[in-house]
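User: I would like to learn how to read cores, pockets and cavities in a model. Could you walk me through one?

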Amino acid sequence: MLDLPAHAARAIAQLEDAGFETWAVGGCVRDSLRGAAPHDWDLCTAARPEQMQAVFAGERVLETGAKHGTLTLLTDGGPLEITTFRADGGYSDGRHPDGVRFVAHIEDDLARRDFTVGAMAWHPERGLCDPFGGLDDLQEGVLRAVGDPDARFQEDALRILRAVRFASQLGFAVEPETAAAMRRQLARLDCVAAERVRAELTGLLCGRFAQRALLAFRDVIGYVLPELVPMFDCDQQNPHHKYDVWEHSVRAAGQVPAEPALRWAMLLHDCGKPACKTVDERGVGHFYGHPKASHAIAEPLLHRLRFSAEETGRILLLVEQHDRPLGDSPKLVRRRLCQIGEARFRDLLALKKGDAVGQGTHPEDIAWLCGIAQLLEEVLAADACFSLRQLAVNGNDMVSLGLSGPAVGEMLRALLDAVIDGQADNTRDALLRRARARMEERHDE
Ligand code: ATP
Ligand code: MG
């Protein structure tokens with residue numbers, strides 16, 4: 001039995017009452033059957049788009065893909081994507097179906113879907129429709145292509161990345177024939193749009209089983225991110241590291257919160273290591289300057305995948321600064337807060353914890369980093385001043401003292417430095433006094 005939420009049950013009933021067979025389909029059926037809450041509900045129906053429009057006349061309907069038979073019904077329970085039963089035409093460009101053909105039966109619609117666990121449908125009266133053994137695969141934890149796997153990946157190579165993403169999110173094993181076909185069809189990924197590659201990789205990186213999927217399918221990752229291939233099997237020859245650069249990065253990525261920027265930064269933080277590797281006379285490996293080298297590799301990679309400027313900036317800052325100390329005294333923490341702000345400080349803390357766990361050698365580093373996290377909370381709770389905005393004086397005060405032009409900003413920054421370093425209290429009186437004294441000093445010089 002599957003628990004249909006009220007908004008989906010109502011839409012199905014409306015279409016059925018008008019004479020159109022309608023099912024819940026795809027990810028929502030898969031997730032319900034495995035006991036997870038679906039994040040959205042998709043329906044498929046015998047009704048054509050114009051017939052759906054008639055059934056839902058007066059309701060809020062978006063024509064999301066009328067050409068492909070898809071409408072979105074906006075309900076109080078959330079949006080419902082409703083698609084006419086369809087089969088896809090050929091895929092001459094390996095990206096888009098040449099056309100869609102509406103079909104009469106749910107089974108024909110399920111046949112166009114990529115993996116058996118997503119090719120099941122549920123009907124309130126008829127129960128489960130599962131022509132490809134999706135339920136068995138779901139219970140076994142197996143991801144298997146529907147039909148001939150090579151043909152499916154030739155039609156749409158994005159499915160190769162979807163497979164790795166599902167493996168990462170669901171923790172499923174990819175069935176061997178399906179995995180072999182993914183590898184045979186890798187070159188087809190060349191014609192998949194960068195945005196779609198990015199979306200799948202981000203989903204993959206944020207999956208609960210990302211570590212396992214990234215290790216098992218590093219060749220797939222290496223195909224779309226060739227810049228990372230030198231990390232594979234790059235031995236660190238260093239007592240602080242238990243794993244090669246790739247495995248270290250993957251293990252570290254699996255440790256940070258499943259936030260895209262953090263996971264991407266962790267995956268990329270050491271990508272410059274292979275190019276920086278030197279081995280000393282004792283046979284120990286060193287990677288001097290690798291954060292900069294990682295930054296240089298990561299920047300064009302993120303650009304190619306069309307990350308937004310904001311995300312790119314956040315990820316690159318983390319990559320470049322992952323090795324710099326955060327500071328283990330209130331004064332140093334305030335200084336670092338002044339340089340990068342609270343949000344990036346927290347990002348770096350998360351990254352450093354991931355890095356430490358990913359090294360697999362110094363568990364005591366975690367306790368030390370937890371100490372810094374504690375220090376950060378104390379500094380913030382004490383309402384410490386670490387930015388010009390928080391300073392008890394402003395530019396107008398400096399102008400009143402007789403300063404003008406660049407001297408205003410210089411003075412404010414000098415006062416902020418003094419507050420951060422604990423040499424001055426952040427009060428108006430103290431700061432004005434200090435400013436006057438500095439001006440007199442300058443005057444005397
Ligand atoms: P999730 O929403 O958790 O990513 P999902 O399985 O619902 O997983 P969607 O991308 O929402 O995936 O697609 C809904 C359904 O449409 C899938 O379950 C699958 O049956 C089908 N589908 C989506 N994309 C493809 C594709 N590229 N090739 C074949 N079938 C697809
Ligand atoms: Mg879905």
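User: Which helix gives the most to the lining of the second largest pocket?

Analyst: Happy to start there. This is a predicted model, where local features need pLDDT of at least 70, side-chain atom pairs count only at pLDDT 80 or more, and totals for chains, interfaces and linings use all residues. Residues are numbered from 1 along each chain as its sequence is written, chains are lettered from A and ligands numbered from 1 in the order in which they are written, and side-chain values use heavy atoms, with hydrogens and water left out.

Rolling a probe the size of a water molecule over the atoms shows where empty space is left. On a 1 Å grid over the protein atoms alone, a cavity is a set of points where a 1.4 Å probe fits but cannot get out, while a pocket is an open set with protein on both sides within 12 Å along at least five of seven lines; lining residues have an atom within 4 Å of a point. Helices (H or I, at least four residues) and strands (E, at least two) are DSSP runs numbered from the N terminus. The answer is H17, with four residues.

User: What volume does the second largest pocket have, and which residues lie nearest its centre?

Analyst: Its volume is about 510 Å³; a volume is the space filled by probe spheres set on the grid points, which are joined across faces, edges and corners. The lining of the second largest pocket has 23 residues, and His240, His241, Asp323, Asp355 and Gln359 lie nearest the centre. Strand E13 (285-286), H17 and helix H18 (364-381) are the elements giving two or more residues to this lining. By class, there are seven nonpolar, ten polar and six charged residues, where Ala, Val, Leu, Ile, Met, Phe, Trp, Tyr, Cys and Pro count as nonpolar, Asp, Glu, Lys and Arg as charged, and the others, Gly among them, as polar.

User: How many residues of each class are in the lining of the largest pocket?

Analyst: That lining has 18 charged, 13 nonpolar and twelve polar residues. The largest pocket holds about 1,400 Å³ of space. Of its 43 lining residues, Asp42, Glu81, Arg112, Arg113 and Arg162 lie nearest the centre. H7 supplies the largest share of the lining, seven residues.

User: Where is Arg86, and is it buried or exposed?

Analyst: Arg86 belongs to strand E6. At a relative accessible area of 11%, Arg86 is buried; buried means under 20% relative accessible area, exposed over 50%, and partly exposed in between (1.4 Å probe, protein chains only). Beyond neighbours within four places in sequence, its contacts (heavy atoms within 4.5 Å) include Asp108, Asp109 and Arg112.

User: How many residues does the largest nonpolar core have?

Analyst: In soluble globular proteins, nonpolar side chains tend to be buried together. A nonpolar core is a set of buried Ala, Val, Leu, Ile, Met, Phe, Trp, Tyr and Cys residues joined through side-chain atoms within 4.5 Å. Here the largest has 117 residues, and Leu201, Trp264 and Met398 have the most contacts inside it. Helix H17 (residues 330-359) gives the most to this core, nine residues.

User: How many residues of H9 are buried?

Analyst: Nine of the twelve, so H9 is mostly covered. Among the buried residues are Arg198, Glu200 and Leu201. They pack against helices H7 (158-170), H10 (210-216), H11 (218-224), H13 (260-268) and H15 (290-304). As a length check, the expected span of a helix is 1.5 Å times one less than its number of residues. For H9 (residues 194-205) that is 16 Å, in agreement with end C-alpha atoms 16 Å apart.

User: Which residues line the largest cavity?

Analyst: Leu201, Leu204, Leu205, Leu214, Ile221, Leu225, Trp264 and Leu267 do. H9 gives the most to this lining, with three residues. By class, the lining has eight nonpolar residues, no polar and no charged. The cavity's volume is about 40 Å³, and a search of the whole structure finds one cavity of 30 Å³ or more.

User: What is the phi of Gln237?

Analyst: Most residues other than glycine have a negative phi, and most peptide bonds are trans. Gln237 has a positive phi of about 40°. Gln237 sits in the loop between H11 and helix H12 (245-255) and is partly exposed, at 31% relative accessibility. Arg306, in the loop between H15 and helix H16 (309-321), also has a positive phi, near 60°.
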